[in-house]
Amino acid sequence: MRRPGGSDSGSTGRSKTGDPNAGPEVIDLRALMHRPGPGTHRTTIALDGRTIDTLADLPPARGRLLFVGINPSVVSVNAGHYHQGRLGRMFWRRLIVAGIVPQGTRLDAADDALVAAGHGITDLIKRPTPRDVASDAELTAGVGPLWQKVAIWRPGAVVFVYKRAASISAGRALEQRWGQLPGVAMAGRPCFLMPGPYAPAKEVAAGLNFLRNLRAALPD
């Protein structure tokens, strides 16, 4: 995958959204390196010349997994934790089945368990919406900043939660429904895709077993 936007991994990582009149989104490098403890992850950022409430990035430890969604839901921002809608909580249940987070993890704070396990989570863009309504142009503008975060964090692998985010990041349509994405990498890190939320049970089981094996292959 080509390096998007020509951004340098040591820069501040400014990117435009899909709005031609939008101001730059500024990435705070110091904040990028902070791995927060348990508690609310709601934060305020400057975007398009105004401040918005969103969810802070939860960086992975080096060599661990980085999960990437599309953008935060309003429900999740209000809760202060990632993936708190109906489909979002399905994501956490799947990570429990795959052994990424422990059995018995509370779904309303599962991102804390994810961080405690050494993994991390972010979104392609940070503007919260009630549904997946962001334009392709807006999502594409988030690829450069995501590439930059991956270059800084150096996870063992990037795992996309949804195919739309993976396709936008790859810059092309993807045939794969789950698993490793051949020819797709971000800052030298291999990329993977989780099964879709409405995938058949057999496909979900195979995809989660693949994720379990991916986690087992990471160095301790």
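Biologist: How many of the residues of helix 6 (residues 143-153) are buried?

Modeller: In this predicted model, helix 6 is mostly covered. The buried residues include Val 143, Leu 146, Trp 147, Ile 152 and Trp 153, and Gln 148 and Lys 149 are likewise buried. The count for helix 6 is 11 of 11.

Biologist: Which residue takes a positive phi just after helix 6?

Modeller: Helix 6 covers residues 143-153. Just after helix 6 there is a residue with a positive phi of about 55°. That residue is Arg 154.

Biologist: What is the volume of the largest cavity?

Modeller: The structure holds 4 cavities of 30 Å³ or more. The lining of the largest one includes Leu 87, Met 90, Phe 91 and Arg 94, together with Val 161 and Tyr 162. Met 194, Pro 195 and Pro 197 also belong to that lining. The volume of this largest cavity is about 70 Å³.

Biologist: How many residues of the lining of the largest cavity are charged?

Modeller: The lining of the largest cavity has 8 nonpolar residues and no polar ones. Arg counts as charged, and Arg 94 is one of the lining residues. The number of charged residues in the lining is 1.

Biologist: How many residues apart in sequence are the parts that the pair of Phe 67 and Phe 91 ties together?

Modeller: The structure holds 4 aromatic pairs. Among them, Phe 67 and Phe 91 are edge-to-face, at 5.8 Å centre to centre and with 70° between the planes. Because Phe 67 lies in strand 3 (residues 65-69) and Phe 91 in helix 3 (residues 86-97), the parts tied together are 24 residues apart.

Biologist: Is Phe 91 buried or exposed?

Modeller: A residue counts as buried under 20% relative accessible area and as exposed over 50%. Phe 91 has a relative accessible area of 4%, so Phe 91 is buried.

Biologist: Which residues form one aromatic cluster?

Modeller: Phe 91 and Trp 92 form an aromatic pair that is tilted, 4.8 Å centre to centre with 55° between the planes. Both Phe 91 and Trp 92 are buried, and Phe 67 is buried at a relative accessible area of 0%. The cluster consists of Phe 67, Phe 91 and Trp 92.

Biologist: Which residue meets Arg 106 in a salt bridge?

Modeller: A search of the whole structure finds 8 salt bridges. In one of them, Arg 106, exposed at 56% relative accessible area, has a partner at 2.9 Å, N to O.

Biologist: Where does Asp 132, the salt-bridge partner of Arg 164, lie in the chain?

Modeller: The side chains of Arg 164 and Asp 132 meet at 2.6 Å, N to O. The pair links distant parts of the chain, 32 residues apart, with Arg 164 in helix 7 (residues 163-170). Asp 132 lies in the loop between strand 4 (120-123) and helix 5 (136-141).

Biologist: Which helix holds Asp 136, with which Arg 164 also forms a salt bridge?

Modeller: The closest N and O atoms of Arg 164 and Asp 136 are 2.7 Å apart. Arg 164 is partly exposed at 24% relative accessible area, and Asp 136 is partly exposed at 46%. The pair ties together parts that are 28 residues apart in sequence, because Arg 164 lies in helix 7 and Asp 136 in helix 5.

How values were computed
Residues numbered from 1 in each chain as written. Predicted model: local features only at pLDDT ≥ 70, side-chain atom pairs only at ≥ 80, totals over all residues. Heavy atoms only, no water. Buried < 20%, exposed > 50% of the residue type's maximum accessible area, 1.4 Å probe, protein only. Helix = DSSP H or I, 4+ residues; strand = E, 2+ residues; numbered from the N terminus. 1 Å grid on protein atoms, 1.4 Å probe; cavity = no way out; pocket = protein on both sides within 12 Å on 5 of 7 lines; lining within 4 Å. Points joined across faces, edges and corners; volume = space filled by probe spheres on them. Phe/Tyr/Trp six-rings, centres within 6.5 Å; stacked < 30°, edge-to-face > 60°. Salt bridge = Lys/Arg side-chain N within 4 Å of Asp/Glu carboxyl O.
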